[in-house]
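Q: I would like to go through this model with you. Could we begin with the sheet once it is on screen?

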Amino acid sequence: MTVVLAGFRVGIAELAILGLLFPAECDDLPVWSEKEREVFRQAALLVLKEGEIVKVPPGDGQNALTEAQWAVNDQASDWWPYTWREVASDGPATQQVHDLTLPVLWGIEWLLPELERRRFAYEDPAIRTACNLIQQAKARLDVLRDRQGGFIDDVPTLHDACERFSDALHDRCPVLMAWPSLEPEPV
């Protein structure tokens, strides 16, 4: 497997990938099984390939994120809400998409202790913006869960909070992440 090393901004897709690779463990839920973790790894690869907007396949179609969402909701119903968005067309049209708020929350919750372990002080802007991003992600999830999913167009996004976090992190240290290369291996 080829590994790509890149310095870049940390956004919704990157935090969702981290969250899917390091899913949160909750005291009141069973530990994720190896099978579920493999599903999450496949979902992370899908986010790596597709970016922050991953459509749910039409009809009864499914993809790795669909399976990850099912695994999560099997543990706790509606923990990862099902969502839709309006799409531009000649008439009213909707499209089911995977909302990545829960994996983003897992990703930033995993990253925060990593930052603290590297002796970032709470006053450090990277820590403060990470905490702010956690609060905003939890608030967004609460809204989506109260609505039982539904349309996400009028729910505040996490883009600005991710941008502020990425800026604060870049001001503090270089950000390097290693992802598996999606290019075929040479034979």
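Q: What order do the strands of the open sheet have?
A: The order is β2-β4-β3-β5, an open sheet of 4 strands with mixed pairing. Two strands pair here if DSSP finds at least two bridges between them. Strands (E, at least two residues) and helices (H or I, at least four) are DSSP runs, numbered from the N terminus.

Q: Which strands stand at the edges?
A: β2 (54-55) and β5 (150-151) do; each has a single partner strand, so one side of each is left without a neighbour in the sheet.

Q: Before we go on, what kind of model is this?
A: It is a predicted model, in which local features need pLDDT of at least 70 and side-chain atom pairs count only at pLDDT 80 or more, while totals for chains, interfaces and linings use all residues. Residues are numbered from 1 along each chain as its sequence is written, and side-chain values use heavy atoms, with hydrogens and water left out.

Q: Back to the sheet: how many bridges join β3 to β4?
A: β3 (residues 83-86) is joined to β4 by 4 bridges, and the two run antiparallel. Within this pairing, Thr83 has Val97 as its bridge partner, Trp84 stands opposite Gln96, and Arg85 is partnered by Gln95.

Q: And β2 with β4, parallel or antiparallel?
A: Antiparallel, through 2 bridges. Lys55 stands opposite Val97 in β4.

Q: Which sense does the β3 and β5 pairing have?
A: That pairing is parallel, over 2 bridges. Thr83 stands opposite Gly150 of β5.

Q: Changing topic to helices: at what angle do α2 and α3 pack?
A: Helix α2 (residues 34-50) and helix α3 (residues 64-75) pack at about 140°, and their axes are 8 Å apart. That makes α2 oblique to α3. Axes are lines fitted to C-alpha atoms, for helices over the stretch in contact, and angles run from 0 to 180 degrees between N-to-C directions. Angles under 35 degrees count as roughly parallel, over 145 as roughly antiparallel, 65 to 115 as roughly perpendicular and the rest as oblique.

Q: What about α4 and α5?
A: Their axes come within 9 Å and cross at roughly 155°, with helix α5 spanning residues 125-146. That makes α4 roughly antiparallel to α5.

Q: Now the largest pocket: what volume does it have?
A: About 310 Å³. A pocket is an open set of points on a 1 Å grid over the protein atoms alone, where a 1.4 Å probe fits, with protein on both sides within 12 Å along at least five of seven lines; lining residues have an atom within 4 Å of a point.

Q: Which residues lie nearest its centre?
A: Glu52, Asp99, Arg140, Ile152 and His159, out of 17 lining residues. β4 (94-98) and α4 (101-117) each supply at least two residues of the lining.

Technical notes:
Points joined across faces, edges and corners; volume = space filled by probe spheres on them.
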